Amino acid sequence: MSDFAIVGGVPAFAEPVHVGRPNIGDRDRLMERIGGVIDRRWLTNDGPLVHEFEEAVAAVLGASHCIAMCNGTVALEIAIRAAGLRGEVIVSPFTFVATAHALQWQEITPVFCDIDPRTHNIDPRRVEELITPRTTGILPVHVWGRPARRRVVAAGRQARPAAALRRCARLWVLAPRPDGRTARHRRKLTA
Ligand SMILES: Cc1ncc(COP(=O)(O)O)c(C=O)c1O
């Protein structure tokens with residue numbers, strides 16, 4: 001513990017490394033695109049860049065459709081409602097607080113499951129013991145871009161009615177699994 005820089009240990013980096021610092025990519029290209037937005041004077045409501053973004057994300061994910069949301073919290077709330085979750089949902093505590101808020105605001109009780117100290121993802125061995133008759137889903141969070149173990153989703157299929165919302169760190173993938181049927185069925189729902 002005393003090794004941590006935050007409690008007096010030697011810092012591992014000369015400068016602080018901020019988690020989630022965005023990758024700007026080609027700055028000139030970015031400024032050109034921002035310039036295009038200003039030239040078009042189309043700042044909100046279904047502009048051409050939103051379409052371009054949705055198509056690019058759908059292509060990356062191999063999905064037929066993608067609908068951009070204004071933020072991750074709203075995306076989660078809509079996915080939670082679309083999947084018909086209610087009662088209790090098992091969720092990782094190692095996430096931004098909005099993950100639990102999105103459940104609470106739908107009057108669903110978030111049930112926190114311990115994480116695996118090696119991966120920081122939800123621990124599949126602890127999921128099963130938290131499933132109750134009120135459990136309708138599992139909301140794993142893929143931390144650091146590392147997908148949560150398949151066993152978590154398998155455990156989700158045992159919940160009645162089962163549902164596992166899969167999500168990536170930046171909330172791109174929200175694949176409802178409302179009845180725990182086959183992966184083929186899930187693909188159909190995501191398409
Ligand atoms: C894992 C996770 N869930 C939910 C959110 C909430 O997303 P937003 O701030 O876009 O509503 C964030 C935001 O950082 C997040 O990192």
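How many residues does helix α1 have, and how far does α1 reach from its first C-alpha to its last? In this predicted model, α1 covers residues 27-40, which makes 14 residues, and its end-to-end reach is 20 Å, close to the 20 Å expected at 1.5 Å a residue. None of these 14 residues is buried, so α1 lies largely in the open. Just after the helix comes Arg41, with a positive phi of about 55°.

Let's step back to the whole chain. The protein chain holds seven helices and three strands, and along the sequence they follow the pattern α-α-α-β-α-β-α-β-α-α. Of its 191 residues, 24% are buried. Among contacts between residues at least 6 apart in sequence, 47% link residues at least 24 apart.

The largest nonpolar core has 20 residues, and Ile80, Val89, Ile90, Val91, Leu103 and Cys113 have the most contacts inside it. Two or more residues of this core come from each of α3, β1, α4 and β3.

Here are some of the elements mentioned, with their residue ranges:

| Element | Residues |
|---|---|
| α1 | residues 27-40 |
| β1 | residues 88-91 |
| β3 | residues 135-139 |

Technical notes:
Residues are numbered from 1 along each chain as its sequence is written. This is a predicted model: local features need pLDDT of at least 70, side-chain atom pairs count only at pLDDT 80 or more; totals for chains, interfaces and linings use all residues. Helices (H or I, at least four residues) and strands (E, at least two) are DSSP runs, numbered from the N terminus. The expected span of a helix is 1.5 Å times one less than its number of residues. A residue is buried if 20 or more other C-beta atoms lie within 10 Å of its own, exposed if 12 or fewer, and partly exposed in between; C-beta atoms are placed from the backbone. A nonpolar core is a set of buried Ala, Val, Leu, Ile, Met, Phe, Trp, Tyr and Cys residues joined through C-beta atoms within 7 Å. Two residues are in contact if their C-beta atoms, placed from the backbone, lie within 7 Å.
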